[in-house]
Amino acid sequence: METTSQKHFACPMHCEGNKIYYNAGSCPVCNMNLITVGKLEKEDLVSQVPDKQDNMHSHDHRHSLTSSNKGTTQDKYFCPMHCEGNKTYEKPGDCPKCGMHLNKVESVSAIKSIYTCPMHPEVKQDHPGDCTKCGMTLVPEKGVESSEEEKAYKKMARKFFVALALSIPVFFIAMSDLIPFVNLESIASKKIWSWVQFILATPVVFYSSWDFFKRGWSSIIRWSPNMWTLISIGVGSAYVFSVFALLFPSVFPAQFQDSNGNVHLYFEAAAVILTLVLLGQVLELRAHSKTNSAIKALLGLVPPVARIIRNGVEEEIPLEEVKAGDLLKVKPGEKIPVDGVIFKGDAIIDESMISGEPMPVEKSKDDNIIAGTINGKTAFEMKAVKVGSDTLLAQIIEMVNQASRSRAPIQKLADTVAKYFVQIVISIAIITFAVWAIWGPDPAYVYAFVNAVAVLIIACPCALGLATPMSIMVGTGRGAQSGVLVKDASALEEMNKVDVLIIDKTGTITEGKPSLNGFKSLGELSDLEILQLAASVDSNSEHPLADAIVAGAKAYKQKLLTLDKFESVTGKGVQAIYKKQKIGLGNHRLLEDFNADLSDNNKELVKDWQLSGQTVMYLVIDKKVEGIVSVSDKIKQSSATAIKKLQAMGIKVHMLTGDNQYTAIAVADNLHLDGFIADCLPEDKYKKVKELQEQGHIVAMAGDGINDAPALEQANVGIAMGTGTDIAMQSAEITLVKGDLVGIVRARDLSQKVMRNIKQNLFFAFIYNALGVPVAAGILYPFFGILLSPIIAAAAMSFSSVSVITNALRLKRK
């Protein structure tokens, strides 16, 4: 066995404290996959030399675990149903336990740039350079290969459409006797039409749905009955019965034959049920194909190349070749490639995709900058500090990745019920066959077979399979009409149990963008004149706060004045010449340049504005402060109402924000929140969610920025604001289209109604089985001579399904 002495591993559950291992594998206590420990983390852990048992453990599991010794670039896959906990697999395919298609784990280490020629796309290489055919500079390839999930979805969709095309005529032929104006027997005999049903239904079973039977068989041999067990046994029984009746109708009792000796067939039941199941699988795979889209979008923030400076010469290199200490050049509008510090120049950096805060941040020499953030309109040089998996963005990606693989599926309750239900039904069918074969009238074995099949048919899991998805489908559709989009069905179950709601400030409670908040004269000019002058001097500025002031002035219909000698003063503000007087707009540092000062009363006024969460700027003419202008991220009108309603529901509302303490206090006091934390980093929000969960709380997280993505994934219910970033929406199970907190109130109400409806559906799905199975087994025959024909069994099964669908449709009126 190869060793991985250059790597260290730890249990994510810390079962043995801070113990670390020197070989990949799983924890000997909880069997969780060991995770790679970074250099900084390792220094904080207690290093212990692994004993022989640790090495043996790693050796025993090296084939089944993907923390392989061959490196971390190998693709990993996991079961979306988490049948075996957090276990991952080395090859794509289906879960060996439940048969669900395995999802791929997106990894930062998997990023690899491919360069191609714009004119000759067939020319490709793994490093920058020139085209060997035309000499053009190669560019990073933008095309993305279809994911494993997308391929599985397309394959399942193809099978569904084949099944649908074949099931419709099968169903029409079987139901033709119930349609007055249709007489198929005038075209061909009933026997011929029976063979047509067989020919059409057989591909549905053996081509479109064969995987379902494989899953069912796998569940049987593993003795872990689930939904696939019910589907395969129920539908398989209907199909086998029909084939048997088609080939050997004469062996059936007379009461099961028509005047021509034909036995009723159930090809349409088998075909239609399987088609419905296929539809559910197509929808589910479509959702799973989007599961990793948040991580892929995060990976998309990383530029494929970096511009390195060597001996004064700029050169483009692949991002994976950048090393700590390298000197890099970042041009206007470009994404910052790695974490580092500014070495030369100044910049205004848009960090909203990481911090979630709308205000771009001014940076100068030695200031920290983050990979994936966007440079403004200036160029600068930076020194790389953290690269690859050590960057903040990579850590966010890893947190999202881990959280996305630790969710419990909504089908757990149904699978638990099905586990015992299928065992009971199979036992009853076996007992029925044995009793009729031993004590039944002649032909005893025929009666035994027919009654056993009737038991299995009436217990066919069509209604059970529809119980949850029908309520989810109707409920989510109704929610969408109210602006509540549900991506993950389990969120509806969990939303009903939530007792703590964590919300971000920017974009969730507030509008998410700076806007003019106030303006006031401190001298002889009017308030509107202060606004007009402030907007005029800011009209040539590139700062986003300037855009807010200019937009505010236009809203007040103020005409911008023409000023001379405009100049931007980095870190302080802007200045110009107005009527031969020097005029400036900026922060307190600008006052020092103008030798201007504020009176004590005006200082108190400015402090009050700042404590209310406003960014205050001073308008200075010559050496006198003529007025102040403030910009803020305003609280949405609906936020206070929504928070009050949520608290009335017994939900504690906490705010976690990356903003400063003053702004956080102002917002928390205004909305009477149950708690808040300011200056939060992405990992702080993630840790807070985990901390509350460990205390036994069911946590919902509402946010709108990339910084919220890990917490959204870790929370029991992630709620994204529709006005936020795509990555927040992809990480969350629920999206509020209007970006309105009132939508959370609607989501809570929706979850209560949907879960109640699901329980009602499960009752309808089982009540007919509870009443019909004993009759199908022949319990009434000794007393009344009554046998339940499979036709009646199918009718009862169908009525059960109709009851479930009708009940689910009631949600439309809620």
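I began with strand 14 (residues 347–350), which pairs with strand 17 in the antiparallel sense over 2 bridges. I took two strands as paired if DSSP finds at least two bridges between them. Helices (H or I, at least four residues) and strands (E, at least two) are DSSP runs, numbered from the N terminus. The model is a predicted one, in which local features need pLDDT of at least 70, side-chain atom pairs count only at pLDDT 80 or more, and totals for chains, interfaces and linings use all residues. Residues are numbered from 1 along each chain as its sequence is written, and side-chain values use heavy atoms, with hydrogens and water left out.

I looked up Ile349 and found Asn375 of strand 17 as its bridge partner. The open sheet here has 3 strands in the order 15-14-17, with antiparallel pairing. Strand 15 (361–363) and strand 17 (374–375) are at the edges with a single partner strand each, so one side of each has no neighbour in the sheet.

Next I checked strand 18 (residues 380–386). Strand 12 (residues 327–330) runs antiparallel to strand 18 and is joined to it by 4 bridges; Leu328 has Met382 as its bridge partner. Strand 13 (residues 339–344) also pairs with strand 18 in the antiparallel sense, over 5 bridges, and Asp339 stands opposite Lys386.

Last I turned to helix 16 (residues 527–538) and helix 17 (residues 544–555), whose axes come within 9 Å and cross at roughly 135°. I fitted axes as lines to C-alpha atoms, for helices over the stretch in contact, with angles from 0 to 180 degrees between N-to-C directions.
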